[in-house]
Amino acid sequence: MRFSPQLADFEGLWQLRRVIQDRMGKTEGRFEGRAVFRPAPVGLHYHEEGHLKLGPGPEMKAVRDYLWREADGRIAVDYGDGQPFHDFDPVEPEARHRCAPDEYRVRYDFSGWPNWSAVWVVSGPRKDYTMISRYSRESDAG
């Protein structure tokens, strides 16, 4: 039986490691940091912070914010400003987001819960990359 998380299962602190494979720029990026899901009035506020290094460039601080909320049996993910980003069914955790002219596709994998991942494949005339984010509970991250 496959694990299907509920929104509340994400609450707490996570270790986050990300690899970005940029086919257009022929470079690789790496992010290491933390993500935290905290209760918000309509769901969970997601905040990630860490260090990002793209190719041979300098390491820089990187921060992102989203709002995760329940929406008709699905989990909706909105940008930090409240604009819709994507939503997914925890049982079949895939989604698409169109940011013309590029398309973003994500597949979440919860099979190793509480370790989980999100794989984004971004394609279009302006972008061509895969971004793999791996999450583990802070207490489990050694």
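Two strands pair if DSSP finds at least two bridges between them, and strands here are DSSP runs of E with at least two residues, numbered from the N terminus. In this structure, β1 and β10 pair in the antiparallel sense over nine bridges. The structure is a predicted model, in which local features need pLDDT of at least 70 and side-chain atom pairs count only at pLDDT 80 or more, while totals for chains, interfaces and linings use all residues. Residues are numbered from 1 along each chain as its sequence is written, and side-chain values use heavy atoms, with hydrogens and water left out.

- Strand β10 covers residues 128-137, and eight of its 10 residues are buried (under 20% relative accessible area, with exposed meaning over 50% and partly exposed in between, for a 1.4 Å probe and protein chains only).
- Strand β10 is therefore largely enclosed by the rest of the structure.
- Strand β9 (residues 115-123) runs antiparallel to β10, and eight bridges join them.
- I132 in β10 stands opposite V19, and V119 also stands opposite I132.
- The hairpin of β9 and β10 has four residues between the strands, and G124 there takes a positive phi near 155°.
- In a regular strand the side chains alternate between the two faces of the sheet.

**Aromatic pairs**

- Rings of Phe, Tyr and Trp (its six-membered ring) pair if their centres lie within 6.5 Å; planes under 30 degrees apart count as stacked, over 60 as edge-to-face and the rest as tilted.
- By this rule the model has 28 aromatic pairs.
- One of them is the edge-to-face pair of F10 and F110, at 5.8 Å centre to centre with 70° between the planes.
- F10 lies in the segment before β1 (12-22) and F110 in strand β8 (residues 102-112), so this pair ties together parts that are 100 residues apart in sequence.
- F10 is buried at a relative accessible area of 0%, and F110 is buried at 3%.
- F110 also forms a tilted pair with W116, at 5.7 Å centre to centre and 45° between the planes.

- W116 is buried, with a relative accessible area of 4%.
- A nonpolar core is a set of buried Ala, Val, Leu, Ile, Met, Phe, Trp, Tyr and Cys residues joined through side-chain atoms within 4.5 Å.
- The largest such core has 30 residues, and W68, Y108 and W116 have the most contacts inside it.

**Charged residues**

- D102 lies in strand β8 and is buried, at 0% relative accessibility.
- The side chains of D102 and R126 are joined by a polar contact of 3.1 Å.
- A polar contact is a pair of N or O atoms within 3.5 Å; within protein, one must be able to donate a hydrogen and the other to accept it, and residues adjacent in sequence count only if both atoms are side-chain atoms.
- D128, in strand β10, is partly exposed, with a relative accessible area of 25%.
- Leaving aside neighbours within four places in sequence, D128 is in contact with Q21, D22, R23, M24 and V122.

How values were computed. Contact means heavy atoms within 4.5 Å.
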